[in-house]
Amino acid sequence: MLGDIIGWIVLGVIVLVIIVLFFWAVGIYNRFYSLKNSSEATLGQIRVAMKKRLDMIDQLLGAVKSYAKFEKETFEQVTAMRASVATASPGDLNKMEADSRSIFGRLLAVAENYPDLKTNTTVISLMDSVKSIEEEIARQRYTFNNISQEFNTMMDTIPSKFIGHLTGLVKLEYLQFEEAVATPPKIEF
């Protein structure tokens with residue numbers, strides 16, 4: 001009789017431990033997917049901001065083309081980047097970031113070379129808007145990289161590492177945009 005009671009108590013403790021471990025593992029699993037969904041949402045915000053930036057650059061190109069003749073490739077490049085930003089991976093966004101910064105740098109150089117253009121209110125307004133979007137992209141990039149860091153830390157630390165690998169999760173890629181164009185852009189007319 002006493003042996004049966006002890007057996008039931010041991011069985012109850014084992015079942016309770018299994019239930020606690022199950023819910024603990026589910027909590028870790030849910031945290032992974034919460035971070036993954038947050039990273040995807042933030043990446044979406046970055047795509048929206050980059051598309052806005054490319055739209056503004058396209059408007060700037062239109063505003064300055066009467067002052068300077070940019071190569072046809074520049075217009076085509078902006079159009080192609082704008083079309084592909086919605087489906088770009090973090091690695092592609094890194095490249096697009098560098099390319100759009102380069103184009104924007106060339107536009108700023110054109111504005112410096114043409115005093116009339118610098119005082120054009122449309123151009124000034126568009127440049128201010130692009131700078132504002134630059135700040136928004138930087139904030140979103142910071143958020144994305146923080147989320148990626150937390151997710152990747154969970155993928156590297158025990159015990160969440162085991163749950164992540166069992167469910168087939170892989171580390172998130174960081175966004176590594178250049179902070180500034182390394183060399184000044186060349187403007188040729």
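Residues are called buried under 20% relative accessible area, exposed over 50%, and partly exposed in between, with a 1.4 Å probe and protein chains only as cover. By this definition Arg47, at 19% relative accessibility, counts as buried.

The structure is a predicted model, in which local features need pLDDT of at least 70 and side-chain atom pairs count only at pLDDT 80 or more, whereas totals for chains, interfaces and linings use all residues. Residues are numbered from 1 along each chain as its sequence is written, and side-chain values use heavy atoms, with hydrogens and water left out.

**Figure 1. Overview of the helical protein.** The protein has six helices and zero strands, and its elements run α-α-α-α-α-α from the N terminus on. Helices (H or I, at least four residues) and strands (E, at least two) are DSSP runs, numbered from the N terminus. Of the 189 residues, 35% count as buried. Among contacts with a separation of 6 or more, 79% join residues 24 or more positions apart, a contact being heavy atoms within 4.5 Å.

Figure 2. Arg47 is found in helix α1. When neighbours within four places in sequence are left aside, Arg47 is in contact with Val85, Ala86, Thr87, Ala88, Ser89 and Leu93.

**Figure 3. Glu134 and its contacts.** Glu134 has its place in helix α5 and is buried, with a relative accessible area of 13%. Apart from neighbours within four places in sequence, the residues in contact with Glu134 are Arg53, Glu97 and Arg101.

**Figure 4. Two separate nonpolar cores.** A nonpolar core is a set of buried Ala, Val, Leu, Ile, Met, Phe, Trp, Tyr and Cys residues joined through side-chain atoms within 4.5 Å. The largest such core has 24 residues, and those with the most contacts inside it are Ile46, Met50, Ile57, Leu60, Leu93, Met96 and Leu175. Helices α1 (2-64), α2 (72-84), α3 and α5 each supply at least two residues of this core. Helix α1 gives the most to this core, with nine residues. Another core, of 10 residues, lies apart from the largest one and includes Ile28, Ile147, Leu169 and Leu172. In soluble globular proteins, nonpolar side chains tend to be buried together.

**Figure 5. A nonpolar surface patch.** Met1, Leu2, Ile5, Ile6, Ile9, Val10, Val13, Ile14, Val17, Ile18, Leu21 and Trp24 form a nonpolar patch on the surface, with about 1200 Å² of accessible area together. Patches are made of residues with over 30% relative accessible area and no salt bridge, like charges being joined within 9 Å and nonpolar side chains (Val, Leu, Ile, Met, Phe, Trp, Tyr) within 5 Å. A salt bridge is a side-chain nitrogen of Lys or Arg within 4 Å of a carboxyl oxygen of Asp or Glu. One member of the patch, Val13, lies in helix α1; at 45% relative accessibility, Val13 counts as partly exposed.

**Figure 6. Aromatic pairs.** Rings of Phe, Tyr and Trp (its six-membered ring) pair if their centres lie within 6.5 Å; planes under 30 degrees apart count as stacked, over 60 as edge-to-face and the rest as tilted. By this rule the count comes to three aromatic pairs. The rings of Tyr29 and Tyr33 have centres 4.8 Å apart and planes at 45°, so this pair is tilted. Because they are four residues apart in helix α1, Tyr29 and Tyr33 are separated by about one helical turn. Tyr29 is partly exposed at 34% relative accessibility, and Tyr33 is partly exposed at 26%. Phe32 and Phe151 form an edge-to-face pair, 5.2 Å centre to centre with 70° between the planes. This pair links distant parts of the chain, with Phe32 in helix α1 and Phe151 in helix α5, 119 residues apart. Phe32 is buried, with a relative accessible area of 0%, and Phe151 is buried at 1%.

Figure 7. Ile103 has its place in helix α3 (residues 90-113) and, at 1% relative accessibility, counts as buried. Ile103 and Asp58 are 45 residues apart in sequence, with their C-alpha atoms 9.9 Å apart in space. Asn146 is in helix α5 (residues 121-156) and, at 32% relative accessibility, counts as partly exposed. A distance of 10.0 Å separates the C-alpha atoms of Asn146 and Leu35, which are 111 residues apart along the chain.

Terms used
Accessible areas come from the Shrake-Rupley method with a 1.4 Å probe; for residues, only the protein chains shown count as cover.
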